[in-house]
Amino acid sequence: GAGRRVLRKFVDEIVKPSGGDLYLSVRKENRVACRFYKRQGLKVAGNIAWSGGLIPGRVYRLPS
């Protein structure tokens, strides 16, 4: 879909030329985004929290 195309274009035009990995964070409760990231090949790299630990999140990584 459109989300996949936008992510791929971003990776191809920005992430790959910079030679770095891509890290994205998302609220843990956002299951739609979590599934999307996994389908695109991103792996859970760790956890994060916002608002003093009240909002748990995940950090996803797309290796270069």
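In what follows, a residue is called buried when its relative accessible area is under 20%, exposed when it is over 50%, and partly exposed in between, with a 1.4 Å probe and protein chains only as cover. The structure is a predicted model, in which local features need pLDDT of at least 70 and side-chain atom pairs count only at pLDDT 80 or more, whereas totals for chains, interfaces and linings use all residues. Residues are numbered from 1 along each chain as its sequence is written, and side-chain values use heavy atoms, with hydrogens and water left out.

The secondary structure of the protein comprises 2 helices and 3 strands, where helices (H or I, at least four residues) and strands (E, at least two) are DSSP runs numbered from the N terminus. Along the sequence these elements follow the pattern α-β-α-β-β. The C-alpha atoms fill a box of roughly 35 × 25 × 15 Å along the principal axes, and buried residues account for 23% of the 64 residues. In the loop between strand 2 (43-50) and strand 3, Ser-51 has a positive phi of about 55°, although this residue is not a glycine.

The aromatic side chains provide 2 pairs in the structure. One of these is formed by Phe-36 and Tyr-37, whose rings are tilted, at 6.0 Å centre to centre and with 55° between the planes. Rings of Phe, Tyr and Trp (its six-membered ring) are taken to pair if their centres lie within 6.5 Å, and planes under 30 degrees apart count as stacked, those over 60 as edge-to-face and the rest as tilted. Phe-36 and Tyr-37 are both buried, and together with Tyr-60 these two residues form one aromatic cluster.

The structure also holds 4 salt bridges, each defined as a side-chain nitrogen of Lys or Arg within 4 Å of a carboxyl oxygen of Asp or Glu. Among them is the bridge between Lys-9 and Glu-13, in which the closest N and O atoms are 3.5 Å apart. Both residues belong to helix 1 (residues 2-18), where Lys-9 and Glu-13 are 4 residues apart, about one turn of the helix; Glu-13 is partly exposed, at 48% relative accessibility. A further bridge joins Arg-61 to Asp-21, with the closest N and O atoms 2.8 Å apart. This pair links distant parts of the chain, 40 residues apart, with Arg-61 in strand 3 (residues 55-62) and Asp-21 in the loop between helix 1 and strand 1 (22-27). Both partners are partly exposed, Arg-61 having a relative accessible area of 29% and Asp-21 one of 30%. In another bridge, the side chains of Arg-27 and Glu-29 meet at 3.7 Å, N to O; Arg-27 is partly exposed at 42%, while Glu-29 is exposed at 62% relative accessibility.

Lys-28, Arg-31, Arg-35 and Arg-39 form a positive surface patch. Patches are made of residues with over 30% relative accessible area and no salt bridge, like charges being joined within 9 Å and nonpolar side chains (Val, Leu, Ile, Met, Phe, Trp, Tyr) within 5 Å.

Methods
Accessible areas come from the Shrake-Rupley method with a 1.4 Å probe; for residues, only the protein chains shown count as cover. Lys and Arg count as positive and Asp and Glu as negative; His and the chain ends are not counted. The place of a charge is taken as NZ of Lys, CZ of Arg, CG of Asp or CD of Glu.
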